[in-house]
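Reader: I would like to go through this model with you, from fold to single residues. Can we keep it brisk?

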Amino acid sequence: FFVKACFMEHHNVPHILGGIVFAGGIVAFLRFKSRHSLLVTSALGAGLVTGGLLLSRGFIAGHYIAIGSGSLLAISGIWTVTSTMFKIAFVGFGSSIVFFHLYKLLNHHNHAI
C-alpha cells in the first residue's frame, strides 16, 4: 500500500529515486572508498529531489531537471563504472528516469493543447 500511495503522484518519483541514487553513492563510498561516487551521486540525487520539489509545487521545470539528472546518471555509468553489472544498472536506472519524465512531460503538453 505504501509504495502504491507514494508512486500515485508523479512528483514523488524523483524524491524516491533521488534517495536511492544517494544511498547507492554512500554504499559505494563505504565499500570502495570512492569519493567520486559519493560526489556524483550526491549531485544527481540532489537534482532529482529538486526536480520533485519543483513538480510538487506545480513547476514543469522539475521534469527537465529530472531528465537531465537521469541522463547524467546513465552517462556517468557508461564512462566511470568498471563492473558490467553496475554499468547496466546505472544505464537502466538513468534511462528509466529519463523515459518516465519524458512521458509525463509529453503527456502534460498533450493535455495542455
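Author: First, a term: contact means heavy atoms within 4.5 Å. Also bear in mind that this is a predicted model.

Reader: What share of the contacts in the protein chain with a separation of 6 or more comes from residues 24 or more positions apart?
Author: Take the contacts with a separation of 6 or more in the protein chain. Residues 24 or more positions apart account for a share of 56%.

Reader: How many helices and strands does the protein chain have, and what pattern does it follow?
Author: The chain has five helices and zero strands. Read along the sequence, the pattern is α-α-α-α-α.

Reader: How are α2 and α3 oriented to each other, roughly parallel or roughly antiparallel?
Author: Their axes lie 8 Å apart, at an angle of about 170°. Angles over 145 degrees count as roughly antiparallel. The two helices, α2 and α3, are therefore roughly antiparallel.

Reader: Which residue classes make up the contact of α2 with α3?
Author: On the α2 side, the residues include P14, L17, V21 and F29. They meet α3 residues, among them R35, L44, L48 and L53. By class, the contact has 13 nonpolar, eight polar and one charged residues.

Reader: How are α3 and α4 oriented, roughly parallel or roughly antiparallel?
Author: Helix α3 covers residues 35–56 and helix α4 residues 61–80. They pack at about 160°, with axes 7 Å apart. That angle makes α3 to α4 roughly antiparallel.

Reader: What handedness does the crossing of α3 and α4 have, and how many charged residues are in their contact?
Author: α3 passes α4 in a left-handed crossing. In the contact, residues such as V40, L44 and L48 of α3 meet α4 residues including A66, S69 and L73.

Reader: Which element gives the most to the largest nonpolar core?
Author: The core has eight residues: V13, L17, V21, L44, L48, A66, L73 and I97. Elements giving two or more residues are α2, α3 and α4. With three residues, the most comes from α2.

Reader: Leaving aside neighbours within four places in sequence, which residues is L48 in contact with?
Author: L48 belongs to the largest nonpolar core. It also takes part in the contact of α3 with α4. With neighbours within four places left aside, its contacts are P14, H15, L17, G18, V21, A66, S69 and I97.

Reader: Is H101 buried or exposed?
Author: H101 is found in helix α5, residues 84–112. Neighbours within four places aside, it is in contact with P14, L55, H63, A66 and I67. Buried means under 20% relative accessible area. At 0%, H101 is buried.

Reader: Is K33 buried or exposed?
Author: K33 lies in the loop between α2 and α3. Its phi is near 55°, a positive value in a residue other than glycine. Exposed means over 50% relative accessibility. At 61%, K33 counts as exposed.

Reader: How far apart in space are S56 and N12, C-alpha to C-alpha?
Author: S56 lies in helix α3. It is partly exposed, with a relative accessible area of 35%. In sequence, S56 and N12 are 44 residues apart. In space, their C-alpha to C-alpha distance is 7.8 Å.

Reader: What percentage of the residues of the protein chain count as buried?
Author: The protein chain has 113 residues. The share that counts as buried is 30%.

Terms used. Residues are numbered from 1 along each chain as its sequence is written. This is a predicted model: local features need pLDDT of at least 70, side-chain atom pairs count only at pLDDT 80 or more; totals for chains, interfaces and linings use all residues. Side-chain values use heavy atoms; hydrogens and water are left out. Axes are lines fitted to C-alpha atoms, for helices over the stretch in contact, and angles run from 0 to 180 degrees between N-to-C directions. Helices (H or I, at least four residues) and strands (E, at least two) are DSSP runs, numbered from the N terminus. Angles under 35 degrees count as roughly parallel, over 145 as roughly antiparallel, 65 to 115 as roughly perpendicular and the rest as oblique. A crossing is left-handed if the near helix is turned anticlockwise from the far one by less than a right angle, and right-handed if clockwise. A nonpolar core is a set of buried Ala, Val, Leu, Ile, Met, Phe, Trp, Tyr and Cys residues joined through side-chain atoms within 4.5 Å. Buried means under 20% relative accessible area, exposed over 50%, partly exposed in between (1.4 Å probe, protein chains only). Ala, Val, Leu, Ile, Met, Phe, Trp, Tyr, Cys and Pro count as nonpolar, Asp, Glu, Lys and Arg as charged, and the others, Gly among them, as polar.
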